[in-house]
Amino acid sequence: MNSFQLLATCLLLLCSAATLFADEQKDVTVIIPDDEKYRYVVDSRQAPELTSWVRQELKPVIIEWYPKMVDLMPSKGYTAPTEVFLEFKPDLGGPPAYAMGNRISMSIPFSKPN
């Protein structure tokens, strides 16, 4: 294999990997408000039917309410996470959602519109 063939092969592999990565990430929504104080990542890969709802309906709610909740519930010596990950999961074993650290898991069946 000459250097041109090697370069062409590498470029083809990189393009294929980029396409796979883009497809995998199409149901991951990154939300960075204008003030850039917080960053939210919403993973709806297990519920792609919720992705448009996340982007249209949930996004403004997160941007408005997370900072308000941080301000309403201060704790001495605690700083709320500036990066929050939200993920839709198929079965949480009962609760509609739970949080651990900077991760919030949400039940897919509970989150779907009636």
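# Rings, sheet and salt bridges in a predicted model

Four aromatic pairs are counted when rings of Phe, Tyr and Trp (its six-membered ring) pair with centres within 6.5 Å; planes under 30 degrees apart count as stacked, over 60 as edge-to-face and the rest as tilted. This is a predicted model, in which local features need pLDDT of at least 70 and side-chain atom pairs count only at pLDDT 80 or more, while totals for chains, interfaces and linings use all residues. Residues are numbered from 1 along each chain as its sequence is written, and side-chain values use heavy atoms, with hydrogens and water left out.

## The tyrosine cluster

Take Y38 and Y40. Their ring centres are 6.3 Å apart and their planes meet at 35°, so this pair is tilted. Y38 also pairs with Y66. Here the centres are 5.0 Å apart and the planes stand at 90°, so the pair is edge-to-face. The Y38–Y66 pair links distant parts of the chain. Y38 lies in the loop between β1 and β2, Y66 in helix α2, and 28 residues separate them. Helices (H or I, at least four residues) and strands (E, at least two) are DSSP runs, numbered from the N terminus.

Together, Y38, Y40 and Y66 make up one aromatic cluster. Is Y40 buried or exposed? Y40 has a relative accessible area of 1%, so it is buried. The classes are buried under 20% relative accessible area, exposed over 50% and partly exposed in between (1.4 Å probe, protein chains only). Y38 has 7% relative accessibility and therefore counts as buried too. Y66 is also buried.

## The sheet

Five strands build an open sheet, ordered β1-β2-β3-β5-β4, with mixed pairing. The edges are β1 (28–31) and β4 (97–100), and each of these pairs on one side only. From one strand to the next, the twist averages 15°. Helix α2 (residues 51–72) packs on this sheet and touches β1, β2 and β3. Contact means heavy atoms within 4.5 Å. The direction of α2 makes about 30° with that of β1. Axes are lines fitted to C-alpha atoms, for helices over the stretch in contact, and angles run from 0 to 180 degrees between N-to-C directions.

Strands pair through backbone hydrogen bonds, parallel or antiparallel. A pairing needs at least two DSSP bridges between the two strands. Strands β2 (residues 39–43) and β3 (residues 83–89) run parallel and are joined by five bridges. Within this pairing, V41 stands opposite F85 in β3. Strands β4 and β5 (residues 103–107) run antiparallel, with four bridges between them. The bridge partner of A97 is M106 in β5. This hairpin of β4 and β5 has two residues between its strands. In the turn, G101 has a positive phi of about 65°.

## Helix α3

S111 is found in helix α3 (residues 108–111). At 16% relative accessibility, S111 falls into the buried class. Which residues is S111 in contact with, leaving aside its neighbours within four places in sequence? They are L50, F88 and M106.

## Charges over rings

The charged end of R103 sits over the ring of F85, 4.6 Å from its centre. That of K68 sits over the ring of W65, at 4.5 Å from the centre. The rule asks for NZ of Lys or CZ of Arg within 6 Å of the ring centre and within 35 degrees of the ring normal.

## Salt bridges

There are five salt bridges, each with a side-chain nitrogen of Lys or Arg within 4 Å of a carboxyl oxygen of Asp or Glu. One of them joins R39 to E83, with the closest N and O atoms 2.3 Å apart. This pair spans distant parts of the chain: R39 is in strand β2, E83 in strand β3, 44 residues away.

E49 and K112 form another, at 3.1 Å from N to O. E49 lies in the loop between β2 and α2, and K112 in the segment after α3, so the bridge ties together parts 63 residues apart in sequence.

K68 also forms a salt bridge, with E64; its closest N and O atoms are 2.9 Å apart. Both K68 and E64 lie in helix α2, four residues apart, about one turn of the helix.

The accessibility of these partners is as follows.

| Residue | Relative accessible area | Class |
|---|---|---|
| R39 | 31% | partly exposed |
| E83 | 28% | partly exposed |
| E49 | 44% | partly exposed |
| K112 | 36% | partly exposed |
| K68 | 34% | partly exposed |
| E64 | 41% | partly exposed |
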